[in-house]
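This briefing is meant for a reader who is meeting the structure for the first time. Please keep the sequence and the 3D view at hand while reading, and follow the points in order.

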Amino acid sequence: MVAIAWHQMALIYQEIGDLQNAEAAYKEVLTIWVRRSDSSGEAMTLMELADLYITQHQHEAALGCYRQAAERYAGINNNLQEAQARYNLANILLEIGDLKAAHQEVERSIYCQAAQGNVTEPWKVWGLLADIERQQNNREASLRARNEAANAYLIYRRE
């Protein structure tokens with residue numbers, strides 16, 4: 001209950017633009033989840049903390065949180081959330097120009113979401129892979145990924 005209260009406070013602070021107190025509240029939540037050995041709560045809070053860091057343009061801090069969240073989700077076999085964490089991680093890595101690491105993370109995200117169907121919006125991940133391939137001057141691979149993105153989206157629309 002205390003973790004939930006801190007979480008609500010973090011959301012309120014974030015909503016009113018008090019990012020410093022939002023960060024402190026998320027860290028309180030994280031401390032509680034770590035103390036309780038609750039990997040799911042820990043991973044969820046790390047994702048939210050990373051999102052907060054993104055709004056503050058603190059890419060390195062966000063990278064660390066997304067990596068930890070992905071590891072926690074992998075540890076509890078939550079492929080859906082691991083895919084999301086790795087997708088977010090790949091986006092930042094692409095933004096800062098670490099194409100090799102971005103490629104690895106997006107590939108892992110694709111693998112994690114393979115059995116999830118359209119719940120994970122796979123066209124977004126394939127689109128990110130296409131962007132990475134294009135920036136690496138891999139035209140053919142970029143086109144293949146773009147086609148995968150289009151096909152995944154068409155399947156989603158038909159369903």
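Where is H57 found? H57 lies in the loop between α3 and α4, in a model that is predicted.

**Loop residues with positive phi**

- H57, a residue other than glycine, has a positive phi near 60°, and with a relative accessible area of 64% it is exposed.
- S37 sits in the loop between α2 and α3, where it takes a positive phi of about 55° although it is not a glycine.
- S37 is also exposed, because its relative accessible area is 63%, and exposed here means over 50%.
- Just after α4 comes N77, whose phi is positive as well, at about 55°.

**Helices α2 and α3**

- Helix α2, which covers residues 19-35, packs with α3 at an angle of about 160°, and the axes of the two are 9 Å apart.
- With angles over 145 degrees counting as roughly antiparallel, α2 and α3 are therefore roughly antiparallel to each other.
- The crossing in which α2 passes α3 is left-handed.
- On the α2 side this contact is made by L19, A22, E23, Y26, K27, V29, L30, W33 and V34, and on the α3 side by G41, E42, M44, T45, L46, E48, L49, L52, Y53 and T55.
- Sorted by class, the residues in the contact of α2 with α3 are twelve nonpolar, three polar and four charged.

**Helices α3 and α4**

- The axes of α3 and α4 come within 8 Å and cross at roughly 160°, so these two helices are roughly antiparallel to each other.
- The crossing of α3 past α4 is left-handed.
- Among the residues of α3 that make this contact are S39, A43, M47, A50 and I54, while those of α4 include H59, A62, C65, Y66, A69 and Y73.
- By class, the contact of α3 with α4 holds 14 nonpolar, four polar and three charged residues.

**Helix α4 and its buried residues**

- Helix α4 has 17 residues and reaches 24 Å from its first C-alpha to its last, which is close to the 24 Å expected at 1.5 Å a residue.
- The residues H59, A62, L63, C65, Y66, A69, A70 and Y73 of α4 are buried, and what covers the buried residues of this helix includes α3 (39-55) and α5 (79-96).
- A62, found in helix α4 (residues 59-75), counts as buried because its relative accessibility is 0%.
- Not counting residues up to four places away in sequence, A62 touches A50, Y53, I54 and I92.
- A62 and L52 are ten residues apart along the chain, and their C-alpha atoms are separated by 8.0 Å.

**Helices α7 and α8**

- The axes of helix α7 (residues 122-135) and helix α8 (residues 139-158) cross at roughly 165° and come within 8 Å, and the two helices are therefore roughly antiparallel to each other.
- The crossing in which α7 passes α8 is left-handed.
- From α7 the contact is made by P122, W123, W126, G127, L129, A130, D131, E133 and R134, and from α8 by A141, S142, A145, R146, E148, A149, A152, Y153 and Y156.
- In terms of class, the contact of α7 with α8 has eleven nonpolar, two polar and five charged residues.

- L128 belongs to helix α7, and because its relative accessibility is 4%, L128 counts as buried.
- Leaving aside neighbours within four places in sequence, L128 is in contact with Y87, A90, N91, L94 and V106.
- L128 and A85 are 43 residues apart in sequence, and from C-alpha to C-alpha they are 14 Å apart in space.
- H7 is found in helix α1 (residues 2-16), and because its relative accessibility is 13%, H7 counts as buried, the cut-off being under 20% relative accessible area.
- When residues up to four places away in sequence are not counted, H7 touches Y26, V29 and E48.

Technical notes
Residues numbered from 1 in each chain as written. Predicted model: local features only at pLDDT ≥ 70, side-chain atom pairs only at ≥ 80, totals over all residues. Heavy atoms only, no water. Axes fitted to C-alpha atoms, helices over the stretch in contact; angles between N-to-C directions. Helix = DSSP H or I, 4+ residues; strand = E, 2+ residues; numbered from the N terminus. Parallel < 35°, antiparallel > 145°, perpendicular 65-115°, else oblique. Left-handed = near helix turned anticlockwise from the far one by under 90°. Contact = heavy atoms within 4.5 Å. Nonpolar A, V, L, I, M, F, W, Y, C, P; charged D, E, K, R; others polar. Buried < 20%, exposed > 50% of the residue type's maximum accessible area, 1.4 Å probe, protein only. Expected span 1.5 Å × (residues − 1).
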